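My entries follow in the order in which I looked.

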Amino acid sequence: MNTIENEFIEELLFCLREFDIIKAQAVLQFLPEMSPSAQCQALDIIQNDSGHQAYMLVDQIASLDVYDTEFVSKRKELLIDKLRDDPERLIRHIHIANNNSKIIFIQIAGELQLQEAVEPLSQLLLKETDNDILLSTIHALGKIGDEKVVNSIADFMYYNDHRLKQSAILALCEIGTNDAYQRLYEARQHGDDDPLLIEALESFSDAHQVAESLSVEPQEISIQSPLKQQLDMLTSMDVEQRQSAMDQLSMMEYTAVPFLIDLLTTNQTDAVINSLTLLGYIGDGSAYAAIASLISQNHENPNIRFTAYDALAKLSPSHPLALTHVEQILNEPIEYVRMAGIYALDHHFDMNTMFPKLKSKIDYGGRKAMQLVAHLIHVQAYRIIMPLLNTDSFIHHVTEYLIQDIDIYIRHQFIQFLEQNNKRYFANKIQNEIKKLTPHHRKTIYVVDDSSSMLKFYAYKLFQLGYQAITFEYPTQVIEAIRDNLPEMIMIDLFMPVLNGIQLARDIRQHIAEPNLKIVLLANQTDISPELKTETYTKLKEAVRHAGINAVLHLPVDDRQINLCLSTLLADENKTVPVPSEPAPTLQLETSAKKSTTIDNHSSDFQALTHALESEYFEIRYQAVKELIDIGKPVISFLLNQLQTTMDDVLLNILKIIGFLGDDTIVPSIESLFTEKKLSDLRIRFAVFDTLFRLGGAPSSSMIVNGIDDSNERVRMAAVSAIERSFSATAYFNGLKSRLDSGGFVAKSITSAIIDMEAENCIQTFLSSDSFIHNAIEYLRQRIYPYTRIRFIGIIKQAGKNYLAQRIERETMCAIAKRHHVIFVVDDSSIMLKYYRKILYSLGYDVMLFESSKEALEAVNESKPDLLMTNLIQKDMNSIQLINELRKRYRPNELPILLLTDQFSYNTSKNTYITDLMSWSRDAGINTVLSKSVTINSLKETLQKYIR
């Protein structure tokens with residue numbers, strides 16, 4: 001201990017000797033700032049003190065915010081020692097303590113099986129509203145085992161809260177009387193098919209059978225609770241039994257947490273790994289101290305170290321104390337463990353304690369600095385990266401790394417991150433360098449693992465070894481993904497919730513008749529290790545063979561072992577992508593003599609330009625829009641006077657130009673258009689809200705009501721965007737909430753629009769609305785764009801609603817499979833981009849969005865998509881250049897291009913303008929023209945025609 005800690009201990013000893021309780025309480029305030037050894041020594045001093053003053057410190061000791069495992073254990077021992085013979089004092093503390101301390105005293109009453117506590121604990125069940133206190137109370141009453149509380153506990157089996165329900169079932173099992181059995185049986189008769197309830201009844205039935213054979217009363221037979229049974233099975237040498245135990249314990253959730261924490265101290269490697277996996281899956285922050293303590297021991301088994309970091313990253317909320325083991329992580333010799341540690345650091349990032357060490361490592365330079373930068377990028381540790389963006393050494397290493405041949409998706413995501421954080425110079429520099437890289441075809445490997453940390457490692461490592469990894473965190477959609485696009489290999493983790501690796505491999509072989517598909521099993525459990533020449537290993541080896549698994553990789557593995565396994569199973573060499581031998585001709589946008597008479601390209605005559613918007617020729621309209629945008633602000637007032645035009649196509653272009661050039665002072669004029677003109681054309685209704693969004697002004701509440709009630713989805717999405725851009729809770733709350741509360745299609749459609757548009761202000765405002773949350777959960781259970789779900793949950797966490805976020809994560813958990821056909825979409829409207837993202841993802845495609853043609857062209861240089869959809873008229877006016885550049889390199893059958901326009905409606909008769917547009921499109925090498933109002937079925941049929 002250091003000097004300060006020695007003085008702290010001496011001061012505490014002095015206070016106890018002098019019976020100075022007030023000063024002792026003042027000294028104890030500093031205990032959380034001491035080292036773990038000093039904290040435990042202080043507890044020993046208080047426990048060994050036989051005077052009355054130690055009892056006066058009990059409540060303060062219970063309320064101390066210290067998370068070290070040894071301290072928590074010693075504190076519990078001290079409190080039990082001081083309160084064992086003084087039940088009245090313990091009961092008094094249960095009544096007067098604050099919530100955190102109250103839970104500790106309730107737990108001690110249960111540990112001591114204190115009969116005197118039955119009555120006050122029963123009263124808590126009636127009046128307490130805090131769920132954590134209720135959980136502790138039910139658990140304690142179960143330990144005490146008094147049959148008088150059976151009815152009070154049984155009532156909680158009918159609560160909506162899953163944790164309370166399961167705690168009640170387990171408590172009734174521990175009480176074990178006939179009355180407890182009767183209440184469990186009644187719940188089952190009411191149609192409750194909870195697996196834990198069914199298992200509890202089976203346990204009672206077994207006890208009665210044993211009692212009959214021994215001619216004794218049933219209550220004399222010990223009833224082993226389902227929780228105890230599953231914990232015992234967790235250490236079983238049988239893989240199937242262990243998988244079943246993990247599934248059951250994961251469903252018990254928070255009820256199982258204290259028991260899983262206890263298992264972390266066992267010397268059975270598999271039990272520790274499985275306990276850590278389950279603690280991470282459950283995500284209860286109360287496990288933080290125990291996991292952090294295990295990490296501090298730097299366990300010799302790398303798989304335990306990895307699983308500890310992986311579990312810590314999943315815990316919520318982040319802890320202000322965070323990880324203090326930065327050096328330990330950075331010096332970790334096993335790469336996948338190190339990446340998991342960095343991922344955990346990012347989740348619990350603390351600027352003051354971690355940043356200096358990370359910056360020092362990167363400033364030092366060399367191979368280790370570059371390696372650290374690579375890991376930060378690949379695990380997407382953006383909390384850590386954000387402050388590092390201001391350091392020259394980090395930017396230098398990032399630039400050097402990203403211009404290498406790395407995963408294009410990782411590079412693209414990071415470049416977007418740079419641009420969003422005003423590092424455009426470096427983003428452009430990287431973009432320029434990567435154009436020099438030669439793309440290579442990579443064999444595809446699917447990786448299935450329930451650990452996101454491990455998936456990031458595999459994606460990183462397999463790319464280094466020359467393969468493209470597509471990762472799945474949930475196994476349930478892998479078979480569907482294989483049917484869509486057959487990979488060369490699948491790598492599957494052995495232990496995953498619900499479905500283990502052997503079961504998944506067996507299902508794949510049953511449903512996919514492809515003998516050349518290779519399957520590799522990934523195992524970090526000792527019972528599948530060939531070093532164990534046991535009956536269990538022999539049985540497991542046979543199960544692996546029958547499942548059609550080609551090879552088993554035992555973690556930890558090095559690059560040589562992975563490469564040897566993969567190269568043995570996949571013998572063919574990688575091949576480069578063939579380059580088109582004859583580039584397509586460049587399209588020149590030129591007007592014919594007939595057309596050029598309509599408009600002078602350099603005219604500043606607003607009237608002539610506006611008249612050109614009515615032209616029956618596509619190219620003249622296009623150039624007129626360009627001219628008016630180039631003129632800028634002076635044209636706005638003139639265009640506002642033209643809003644009453646009866647020509648819908650002209651109005652669409654005027655609204656687009658105003659949206660590009662105007663400001664929020666124009667909003668009333670746009671609103672008047674909506675109220676005065678019957679807008680039967682959904683294209684114009686959308687354009688009105690899209691223009692309001694671009695202008696950033698606040699639409700009226702009546703205007704918004706019209707928008708959110710619209711029958712067309714993209715109009716509703718545009719209305720939500722307009723609200724979000726100029727959000728005012730007082731102006732919009734009542735109108736929106738009344739529609740959310742009305743239920744049905746209206747409420748569901750508004751909720752989905754708010755989520756799809758990532759409308760943060762709207763979401764945070766309606767988090768207190770039960771109807772919004774209900775509809776949100778229903779929507780998120782569907783097949784929606786995965787990052788939309790992630791963003792929604794992130795907004796909830798930012799609002800401090802961590803419990804709600806965890807609930808939504810659990811209730812909307814689904815397989816997020818990476819799609820195998822990629823579509824690039826280019827549109828200057830962020831609203832339309834999000835609309836396309838939603839629709840295309842629902843049709844089974846991966847989507848990348850671009851607000852400018854320049855960004856899209858740079859992305860195509862990195863990786864050619866399967867199809868590109870582009871809007872015609874954009875602010876930067878580069879759509880024509882984009883099409884020209886693409887057709888220089890790719891023929892229409894090599895890269896299909898779909899042109900999107902609102903100037904083309906299926907309700908429009910075949911006039912000269914449409915004929916001219918279609919002719920121009922054919923000359924340009926565009927495969928087809930689509931209206932933005934195209935139906936989903938028509939869009940699906942078109943895409944299937946060009947993407948095979």
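I took buried to mean under 20% relative accessible area, exposed over 50%, and partly exposed in between, with a 1.4 Å probe and protein chains only. Helices (H or I, at least four residues) and strands (E, at least two) are DSSP runs numbered from the N terminus. The model is predicted: local features need pLDDT of at least 70, side-chain atom pairs count only at pLDDT 80 or more, and totals for chains, interfaces and linings use all residues. Residues are numbered from 1 along each chain as its sequence is written, and side-chain values use heavy atoms, with hydrogens and water left out.

**Entry: the chain**

I noted 53 helices and ten strands in the chain. Of its 948 residues, 56% are buried. For contacts (heavy atoms within 4.5 Å), I looked at those with a separation of 6 or more; residues 24 or more positions apart account for 73% of them. The chain exposes about 41,000 Å², of which carbon and sulfur atoms supply 48%; accessible areas come from the Shrake-Rupley method with a 1.4 Å probe, and for residues only the protein chains shown count as cover.

**Entry: helix 26**

Is helix 26 enclosed or open? Eight of the eleven residues in helix 26 (residues 392-402) are buried, so the rest of the structure largely encloses it. I listed the buried ones as Ser393, Phe394, Ile395, His397, Val398, Thr399, Tyr401 and Leu402.

**Entry: rings**

I paired rings of Phe, Tyr and Trp (its six-membered ring) if their centres lie within 6.5 Å; planes under 30 degrees apart count as stacked, over 60 as edge-to-face and the rest as tilted. The count by this rule is eleven aromatic pairs. I looked up Tyr382 and Phe417, which are stacked at 4.3 Å centre to centre with 15 degrees between the planes. Tyr382 belongs to helix 25 (residues 382-388) and Phe417 to helix 27 (residues 408-420), so the pair ties together parts 35 residues apart in sequence. Tyr382 is partly exposed, at a relative accessible area of 24%, whereas Phe417 is buried at 7%. The pair Phe766 and Phe772 is tilted, because the ring centres are 6.1 Å apart and the planes at 40 degrees. Both Phe766 and Phe772 are buried. I also found one aromatic cluster formed by Phe306, Tyr336, Phe457 and Tyr458.

I then checked for charges over rings (NZ of Lys or CZ of Arg within 6 Å of the ring centre and within 35 degrees of the ring normal). Arg442 lies over the face of Phe463 at 3.5 Å from the ring centre, and Lys864 over that of Tyr890 at 5.8 Å.

**Entry: the sheet**

In what order do the five strands of the open sheet run? I read 7-6-8-9-10, with parallel pairing; two strands pair if DSSP finds at least two bridges between them. Strand 7 (846-850) and strand 10 (928-931) stand at the edges with a single partner strand each, so one side of each has no neighbour in the sheet. Strand 8 (residues 867-871) pairs with strand 9 (residues 897-901) over four bridges, in the parallel sense. Met869 has Leu898 in strand 9 as its bridge partner.

**Entry: Ile914**

Ile914 lies in helix 52 (residues 912-924) and counts as buried at 2% relative accessibility. I found Ile914 and Tyr617 8.3 Å apart in space, C-alpha to C-alpha, and 297 residues apart in sequence.
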